[in-house]
Amino acid sequence: MASKRVLLLGGHGKVSLLLTPHLIARSWHVTSVIRDPTQTDDILSTVKGDSSNVDVLVSSLEDVKSKGDAQQVIDKVKPDFIVWSAGAGGKGAPSRTQAVDRDACIYFIQAAADTASISKFLLVSYPGSRRTKAPWWTEEEWGGTQEVNNGVLKPYYPAKLASDECLTAVASRRKDLHAIVLRPGYLTDDEAIGKVSLGKTNARGRVARGDVAAVAAELLDSDARGWLDLLQGEEDIADAVRRVIKEKVDCVEGEDVESMVQQYA
């Protein structure tokens, strides 16, 4: 794939710091958005040797209050791909989660959809971000998911769900936009093993952040699209990506996509 420009939102997050060198290894250019200028060295240090393909944009996502605000960032960076791996991280009041994980994310999705040069948008979410039981889950798995969503992940759950649904809806309108919702399970700092379960996985499980980053890069460097759940597994990452594309796996199965379209598109 020819050199691409990637706008990485939430550039100082653990997954983003691991993702950046994967993108640079493909000779792509990364603009990493951070809110604190003291984080700049952490971004640049992810790249061995020449860091000319990485730059940093200091801009707080909490200040994105409209699609126009998001569009200003996009117009400045002029990306081909956007990766959203940002969030309030459960810090602060519920209103902060809504402002970042829902509102700012949706503004970037809407602005990206209106920018013809952007061909891919990858959003990092989680498997429980859905309204109905996944057809391949057991009732026990669904019950456990609902308990978590309505407990420790409240209000994170509705914020992420809204963003996932918005991206799905706008991609149904703009057929040339590859919308990828990557939905890893419980994130760990374990060493990446390069073996995953991608697609229709169990409801709960673990996965190393390093493997999430590797999968995200592989998905961006492919024709993938749709919702893809991710856990640690036994399949090589490249093989897993090729399989979900060949089999047209989409974990949005069971959800009401038409309602998403009516609300957001």
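Where is Ser27 found? Ser27 sits in the loop between helix H1 (14–24) and strand S2 (29–34); helices (H or I, at least four residues) and strands (E, at least two) are DSSP runs, numbered from the N terminus. Before going on, some housekeeping. This is a predicted model, where local features need pLDDT of at least 70 and side-chain atom pairs count only at pLDDT 80 or more, while totals for chains, interfaces and linings use all residues. Residues are numbered from 1 along each chain as its sequence is written, and side-chain values use heavy atoms, with hydrogens and water left out.

Most residues other than glycine have a negative phi, and most peptide bonds are trans. Ser27 has a positive phi, near 65 degrees, and at 47% relative accessibility it counts as partly exposed (buried means under 20% relative accessible area, exposed over 50%, partly exposed in between, with a 1.4 Å probe and protein chains only). Lys248 also has a positive phi, near 55 degrees. Lys248 lies in the loop between helix H8 (237–246) and helix H9 (257–264) and is exposed, with a relative accessible area of 73%. Then there's a cis peptide bond from Lys154 to Pro155, with omega near 15 degrees; Pro155 is in the loop between helix H5 (139–149) and helix H6 (156–173).

Now for the inside, starting with strand S5 (120–124). Five of the five residues of S5 are buried, so the strand is largely enclosed by the rest of the structure. In a regular strand the side chains alternate between the two faces of the sheet. Here Lys120, Leu122 and Val124 point one way from S5, and Phe121 and Leu123 the other way. Phe81 has Lys120 in S5 as its bridge partner, and Val124 has Leu182 in S6.

Phe121 leads us to the largest nonpolar core, of 39 residues, where Leu7, Trp84, Phe108 and Phe121 touch the most other members. Such a core is a set of buried Ala, Val, Leu, Ile, Met, Phe, Trp, Tyr and Cys residues joined through side-chain atoms within 4.5 Å. Its largest share, nine residues, comes from H4. Leaving aside neighbours within four places in sequence, Phe108 is in contact (heavy atoms within 4.5 Å) with residues including Leu7, Leu61, Val73, Trp84 and Phe121. Apart from this core lies another, of 37 residues, among them Val15, Trp28, Leu122 and Ala216.

Methods
Pairing = 2+ DSSP bridges.
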